[in-house]
Amino acid sequence: MIDEHIEKTKSAIESAENIPADRKAELLDLLSKLKPAIAKVSETHRDDAQSIVRLVEASAHETIRPEKKPEHTHRLLHELKRSVENFETSHPELTAFVTKYSAVLSALGI
């Protein structure tokens with residue numbers, strides 16, 4: 001189920017027409033790094049891992065919408081950051097992913 005959400009997010013980003021090619025490549029690279037990071041969290045915190053992946057997917061979809069609603073994206077990114085706070089010491093790679101991912105989406109003019 002987690003892999004399915006990641007693949008759906010990748011497909012949505014790949015097909016997005018309003019994201020520059022360099023940002024697409026950066027987001028896709030980040031998503032491929034999410035897989036192993038989220039797999040580690042999923043071993044002990046499956047529900048949290050699923051929630052994080054759903055927030056990643058939702059924030060990506062909100063970003064590529066033709067009619068952006070920045071307040072929705074900001075809320076989703078805030079929730080995403082909060083969802084990984086408990087894993088900062090035990091799973092630093094996941095925290096690093098969320099930080100970079102949020103920065104890229106923010107740079108897209110959200």
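I38 and Y101 touch the most other members of the largest nonpolar core, which has 33 residues. A nonpolar core here is a set of buried Ala, Val, Leu, Ile, Met, Phe, Trp, Tyr and Cys residues joined through side-chain atoms within 4.5 Å, and buried means under 20% relative accessible area (exposed is over 50%, partly exposed in between, with a 1.4 Å probe and protein chains only). At least two residues of this core come from each of α1 (2-15), α2 (21-44), α3 (46-64), α4 (70-84) and α5 (92-107). Helix α2 gives the largest share, eight residues. The helices are DSSP runs (H or I, at least four residues), numbered from the N terminus.

A quick word on the model: it is predicted, so local features need pLDDT of at least 70 and side-chain atom pairs count only at pLDDT 80 or more, while totals for chains, interfaces and linings use all residues. Residues are numbered from 1 along each chain as its sequence is written, and side-chain values use heavy atoms, with hydrogens and water left out.

| Residue | Touches |
|---|---|
| I38 | I2, I6, A49, I52, V53 and L94 |
| S42 | I2 and A49 |
| E62 | K68, K69, H72, T73 and L76 |

S42 sits in helix α2 and counts as buried because its relative accessibility is 14%. E62 belongs to helix α3, and with 10% relative accessibility E62 counts as buried too. The side chains of E62 and R65 are joined by a polar contact of 3.4 Å; that term covers a pair of N or O atoms within 3.5 Å, where within protein one must be able to donate a hydrogen and the other to accept it, and residues adjacent in sequence count only if both atoms are side-chain atoms. E62 is also 10.0 Å from L105, C-alpha to C-alpha, though the two are 43 residues apart in sequence.

L105 takes us to α5. Its buried residues are L94, T95, F97, V98, Y101, S102, V104 and L105, and they pack against α2, α3 and α4.

How do α4 and α5 lie against each other? Their axes (lines fitted to C-alpha atoms over the stretch in contact, with angles from 0 to 180 degrees between N-to-C directions) come within 9 Å and cross at roughly 170°. That makes α4 roughly antiparallel to α5, a label for angles over 145 degrees. On the α4 side, L77, L80, K81 and V84 make the contact, and on the α5 side L94, T95, V98, Y101, S102, L105 and S106 do.

Notes. Contact = heavy atoms within 4.5 Å. Parallel < 35°, antiparallel > 145°, perpendicular 65-115°, else oblique. Lists of a residue's contacts leave out its neighbours within four places in sequence.
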